[in-house]
Amino acid sequence: MKLMWFHLMPYTELPADFNQKHPSVWVDIHSSLFDPRRAHHMYNDFMDELEYAAELGYDAVCVNEHHSNGYGLMPSPNLIAASLARRTTDTALCVMGNSLALYNPPTRVAEEFAMIDCISGGRLIAGFPVGSPMDTCYAYGQNPSLLRERYLEAHDLVKKAWTEKDTFAFNGRFNQQRYVNIWPRPIQNEPHPPIWIPGGGSVETWRWCAEMDYVYCYLSYYGYKAGLATMQGFWNEMEKLGKDRNPYRAGFLQFVGVAESRQQALDLYTEPAEYFYGRCLHIDPRFATPPGYVTEATQRSGIQGMMQKAANVASPATKAALKATNMKDIVDGGYVLIGSPDDVVEQIRHVGTSLNVGHLMLLLQYGNMSKDTTKYNTRLFAEKVMPKVKDLFGDWEDKWWPKPMARSQRAAVPAFRPQTVAAE
Amino acid sequence: MSAPVTTTVDVNGHACRVWTKGQGPKLGFLAGLGGLPRWLPFLDRLAETHQVIVPSLPGYPGATGHTELDSHLDWVLAVRQLIDKAGLAGADLVGASVGGAFAAEMAAIFPGHVRRLALIGPFGLFDGAEPAADPWAQRKEAVPGLMCADGEKWTELMAPPEGVNSLEWPIEMTRAAEAAARAFWPLGNTGLEKRLGLIAAPTLILWGERDAVLPPSYARKFAAGISGGINGKSRVEIVAGAGHLAYLDRPDAVAGAVLGHFG
């Protein structure tokens, strides 16, 4: 099993009365809440944490893209990935990912991902999300009725830009370019860097991933219990399509808090978890369902998207019923796995096998968790949990993992030596 | 209220419903946000003296095909086909809200197609100093009051009729919202301002006094655009007590004003 360390980069200092005074953590969150001087420290802490996870032997570090978002400070995950490419050596870099329809022209994604792949010596995992309604339709003004068509076309363009050897003209419905010929080109060129698709629970996405032979990732904040039905649906569909049950076809996101004992875990992780599920998911429902974002086929299937669910949780009408913003419910619901190392080992093995997921993306920093606590969580997991779960799925080959250059052929990156004391 | 005659016409390979009722000179109506899930008292009033012809725009109730339309030009040409095939070329035309923007385009780009024009709170412009509300970013409970001065009127329009497929009905209503969004996302600004001066048809601009989507002051911008043009004559009337979909709030007053303009 692959254990991947994921950072959302949440703003850690939203006020205690945030939910009472502000309608939404996303789209129209007020600028007065953002202190750039504090964000300087947050970014640097977060990047330290990602580098620390790489040092401790996690298989990958993961970053993602959000816009106008108080719990996701990475409008450009590529900037962070470029830095990580220099400050890590063997860890895969999972950019999860670039919302293709937001880039004009989309060849920008082909270029930047190729840069990251070249700088890192071929360690890139290329994630292509459609993107949430809040990011794409509201913060970035994209037309919800055209978003998926644009996304699919951008995907075709990026893939062709990576694989076509000669300059070509792209005559798309939305994109026309006379001369497509990206420089640089990715190191992983047989045929291109691994493509992973974070998606909701739509049958269309599952089929597309199967057809394209991409990894499907269900990045839910609501943990393995809520994710079980979706992943079962995914595997049923794979069976129908005649695909094997290779667990590396799938990725899944899970929050974890490990400590010496269950009580100590509760003491350490209650505040950051409640900060995340309370303040960070305080999303105004008016930004949840732009018309056309959810396809008619998905409407008919009755599947509710994760963001829609989050927004419904944030609406006063359903919030009282769900109450999943206090630690007991968060833990009972399986949103966050907590406990002693042995407790967590048992739960992770259960998550892996019950969902049949080979790529487990771990959120070991969430909400306002401090750097010290994050490093503690990260280290304890690496030392006491990881060795006891790594063997899972050992019989399967991960065909969707980066294939970097041999270590001996890669550039030696000199250790960073600060010339002056960092400004404080 | 008796039922209209229902026919369909083909636009880009998709069927679009056309409702017809009444005798007299032809009068076309292009509906606003939400389209026409049902026939309206407003249309009955017009049908007392006119042959009222009501084509559904692609994606609105009774019609599909919005997913074929990628650009504003695609939309304008689809509406032109609809007008032609519904037999409305050269007739008087009423357009409201999103339908109002297309009615104005028809009069501007195809002047022979529109004899006289009535616009009811039309989309098409955006003024940063007086921003229009975002009809696609609303909490569910806020929508009725945004659409009509009396929110109950919107709720009645959207309510599933007896015997209708309860799974498909909400999908159709969402499709109408998607069709509007497809043409007008994100601000409702289609650049119509540049073309208002091409409108030669005498134009009545009606605006709900309590329009919560598009500020009534936009009426003056339309009037100025039309009157400053090649041959434009326009007149503004504010409809007291009416919201964005004024024809739902005050059907008699709006129909009376339209009929007054069309003689």
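A:Gly257 stands opposite A:Ile338 in β10(A). This is a predicted model: local features need pLDDT of at least 70 and side-chain atom pairs count only at pLDDT 80 or more, while totals for chains, interfaces and linings use all residues. Residues are numbered from 1 along each chain as its sequence is written, with chains lettered from A and ligands numbered from 1 in the order in which they are written.

### Exercise 1

**Task.** Find which strands of chain A are joined to β9(A), and how many bridges join each.

**Solution.** Begin with the terms. Helices (H or I, at least four residues) and strands (E, at least two) are DSSP runs, numbered from the N terminus. Two strands pair if DSSP finds at least two bridges between them.

- Step 1: β8(A), residues 215-218, runs parallel to β9(A) and is joined to β9(A) by 3 bridges. Here A:Cys217 stands opposite A:Gly251.
- Step 2: β10(A), residues 336-339, is also parallel to β9(A), with 4 bridges. Besides the pair that opened this page, A:Val258 has A:Gly339 as its bridge partner.
- Step 3: β11(A), residues 359-363, runs parallel to β9(A) too, with 5 bridges. A:Phe255 has A:Leu363 as its partner there.

### Exercise 2

**Task.** Decide whether the two faces of β9(A) are covered or open.

**Solution.** You need one cut-off: a residue is buried if 20 or more other C-beta atoms (placed from the backbone) lie within 10 Å of its own, exposed if 12 or fewer, and partly exposed in between.

- Step 1: Count along β9(A), residues 250-258: 9 of its 9 residues are buried.

### Exercise 3

**Task.** Work out whether A:Trp400 is buried or exposed, and what it is in contact with.

**Solution.** 

- Step 1: Locate A:Trp400 in the segment after α15(A), residues 371-389.
- Step 2: A:Trp400 has 20 C-beta neighbours inside 10 Å, so it counts as buried.
- Step 3: List its contacts, where two residues are in contact if their C-beta atoms, placed from the backbone, lie within 7 Å. Leaving aside neighbours within four places in sequence, A:Trp400 is in contact with A:Pro194, A:Val215 and A:Tyr248.
- Step 4: Compare sequence with space. A:Tyr214 is 186 residues from A:Trp400 in sequence, and the two are 7.5 Å apart C-alpha to C-alpha.

### Exercise 4

**Task.** Describe chain A as a whole, then look into its largest nonpolar core.

**Solution.** 

- Step 1: Chain A holds 15 helices and 11 strands. Its radius of gyration (over C-alpha atoms) is 21 Å, close to the 22 Å of the globule rule for 424 residues, so chain A is as compact as a globular protein of that length. That rule is 2.2 Å times the number of residues to the power 0.38.
- Step 2: Its buried share is 52% of the 424 residues.
- Step 3: A nonpolar core is a set of buried Ala, Val, Leu, Ile, Met, Phe, Trp, Tyr and Cys residues joined through C-beta atoms within 7 Å. The largest has 215 residues, and A:Met4, A:Val61 and A:Leu93 touch the most other members.
- Step 4: Beyond four places in sequence, A:Met4 touches residues including A:Tyr58, A:Cys94 and A:Leu360.

### Exercise 5

**Task.** Say where the buried residues of α7(B) lie around the helix, and what they pack against.

**Solution.** 

- Step 1: In α7(B), residues 218-227, the buried residues are B:Tyr218, B:Ala219, B:Phe222, B:Gly225 and B:Ile226. Down the axis they fall within an arc of 130°, so they line one face of the helix. The arc is that of the directions from the helix axis to the C-beta atoms.
- Step 2: Those buried residues pack against β6 (114-120), β7 (203-208) and β8 (234-239) of chain B.
- Step 3: Zoom out to chain B, which has 9 helices and 8 strands. Of its 263 residues, 51% count as buried.
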